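Trainee: I want to learn how to read a fold from its coordinates. Where do we begin?

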Amino acid sequence: YTVLKKGEIYEYNLSTESKKLVYSNSNVLDLQEAGLLSLAINSSKDYFAVSYVTKDFQLVVDKYSFNNSLSNNDYVGRLFSQDVSKPYTHIAGNLIWSEYYNTFLLSIGDNQEANEFSRINPAPLDTTTYLGKIIALENVELDVPRISKDASDSFNNIIGYGLRNPWQFFEFRNQLIVFDVGLSINEEMSISNLEDAPISYGWPIYEGGSLAAEIDGIDNYKIDINYFEGLKKLDNKTTLSKLTNESLKPKLFYSHYPTENDYRAAIIGGDIFEENSSEFNLNIVFADITTNEIFLYNLLNGDLLISPPIENIGAITTIKTINNQSFNTVVTTYSGDLVFLKIEN
């Protein structure tokens with residue numbers, strides 16, 4: 001299935017090399033990072049959900065039941081809605097079906113323009129808002145810490161917080177692999193155990209392996225937010241120390257500037273080669289949208305391989321693994337192409 005920003009989903013048949021429109025939506029705002037964003041199907045293959053930004057400027061998730069084909073569907077209801085502000089950036093909106101939680105999970109960006117405020121923006125750490133979070137959409141209640149400007153109750157369906165723009169993420173066994181787009185220095189990939197949720201990924205205190213205060217040389221760095229322990233409100237300094245210590249460090253991060261002449265821009269997320277599916281068993285595959293480099297991270301030993309940039313196909317926007325003798329990955333591009341690639345060791 002291929003999701004187009006303009007509001008369409010196509011089913012592509014590998015055997016016949018034919019495509020069929022199975023879903024369309026006329027209420028989609030296709031502007032900047034807004035659009036039809038994601039599709040997820042439950043494990044029993046009788047429900048699917050889509051995320052998109054409406055023409056009324058809301059990020060929403062709609063749930064459908066279906067029989068055999070996605071095109072044979074019935075609308076069930078709206079699982080999520082949240083206003084999106086201008087500029088329409090850092091929306092995220094990736095959906096997955098979680099075997100661990102038996103529900104749909106949604107990523108939500110900080111919806112914050114890339115400026116100096118990003119370094120001290122409290123929203124991604126504020127557990128009374130969904131900005132900068134990964135959340136469960138149904139039937140999940142967790143013991144989420146109260147981190148806010150006041151004594152408001154936290155949302156209890158937050159799986160992860162402290163994220164900037166989790167463009168894509170996926171679940172593998174009981175692990176959550178999250179790709180988060182950085183601000184000025186680093187792109188990062190984090191791996192966490194879902195049994196430890198809710199998990200803090202550290203933005204904006206950290207970017208990759210570096211403290212925000214050190215990156216921009218900010219004296220007396222602080223974030224306007226407080227940690228609550230029961231009814232006790234911790235001061236800003238104690239809160240910052242606690243949040244810093246609780247932040248999960250990324251498994252991998254890479255620089256925007258690998259050389260003086262080269263520039264990487266954004267980690268787009270990816271997939272994993274399942275065990276015994278290829279020579280890259282248990283390797284996580286992802287790409288950078290500017291260089292079109294493809295990265296392979298070995299989940300077992302942490303080894304990293306980087307392929308030369310893929311040329312003449314346009315900017316890669318998604319990459320998925322596929323089990324085929326002729327190719328082992330499929331990518332989509334910003335120009336709207338579906339491309340099958342053979343990555344070799």
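Mentor: Begin with strands and pairing. Helices (H or I, at least four residues) and strands (E, at least two) are DSSP runs, numbered from the N terminus. Two strands pair if DSSP finds at least two bridges between them. Here, strand β14 (residues 175–180) and strand β15 (residues 186–193) pair in the antiparallel sense over six bridges. Within this pair, Ile 177 stands opposite Ile 191 in β15.

Trainee: What should I know about the model and its numbering?

Mentor: The model is predicted: local features need pLDDT of at least 70, side-chain atom pairs count only at pLDDT 80 or more, and totals for chains, interfaces and linings use all residues. Residues are numbered from 1 along each chain as its sequence is written, and side-chain values use heavy atoms, with hydrogens and water left out.

Trainee: How many helices and strands does the protein chain have?

Mentor: The protein chain has two helices and 28 strands. Its radius of gyration, taken over C-alpha atoms, is 20 Å. The globule rule (2.2 Å times the number of residues to the power 0.38) gives 20 Å for 345 residues, so the chain is as compact as a globular protein of that length. The C-alpha trace spans about 65 × 50 × 35 Å along its principal axes.

Trainee: What holds the strands of a sheet together?

Mentor: Strands of a sheet pair through backbone hydrogen bonds, either parallel or antiparallel.

Trainee: Which order do the strands take in the open sheet of five?

Mentor: The order is β8-β9-β10-β12-β16, with mixed pairing. β8 (92–98) and β16 (199–200) stand at the edges with a single partner strand each, so one side of each has no neighbour in the sheet. β8 pairs with strand β9 (residues 103–108) in the antiparallel sense over five bridges. Leu 95 has Leu 106 in β9 as its bridge partner.

Trainee: Is Ser 192 buried or exposed?

Mentor: Read the relative accessible area: buried means under 20%, exposed over 50%, partly exposed in between (1.4 Å probe, protein chains only). Ser 192 has 5%, so the residue is buried. Ser 192 sits in strand β15. A polar contact is a pair of N or O atoms within 3.5 Å; within protein, one must be able to donate a hydrogen and the other to accept it, and residues adjacent in sequence count only if both atoms are side-chain atoms. The side chains of Ser 192 and Tyr 201 make such a contact at 2.9 Å.

Trainee: Now a loop. What does Asn 27 contact?

Mentor: Contact means heavy atoms within 4.5 Å. Beyond its neighbours within four places in sequence, Asn 27 contacts Tyr 52, Val 53, Thr 54 and Lys 55. Asn 27 lies in the loop between β3 (18–24) and β4 (36–41). With 29% relative accessibility, Asn 27 is partly exposed. Its side chain reaches the backbone nitrogen of Lys 55 at 3.3 Å.

Trainee: Where is Thr 54?

Mentor: Thr 54 is in the loop between β5 (47–53) and β6 (58–67). At a relative accessible area of 2%, Thr 54 is buried. Its side chain reaches the backbone nitrogen of Asp 56 at 3.1 Å. Leaving out residues up to four places away in sequence, Thr 54 touches Asn 27, Leu 29 and Val 60.

Trainee: Which backbone angles deserve a look?

Mentor: Most residues other than glycine have a negative phi, and most peptide bonds are trans. Lys 45 is not a glycine, yet its phi is positive, about 60°. Lys 45 counts as exposed at 57% relative accessibility. Asn 220 also has a positive phi, near 55°, and is exposed at 74%.

Trainee: Which peptide bonds are cis?

Mentor: Among them is the bond from Lys 86 to Pro 87, with omega near -10°. Pro 87 lies in the loop between β7 (69–83) and β8. Another cis bond joins Ala 197 and Pro 198, with omega about 0°. Pro 198 is in the loop between β15 and β16.
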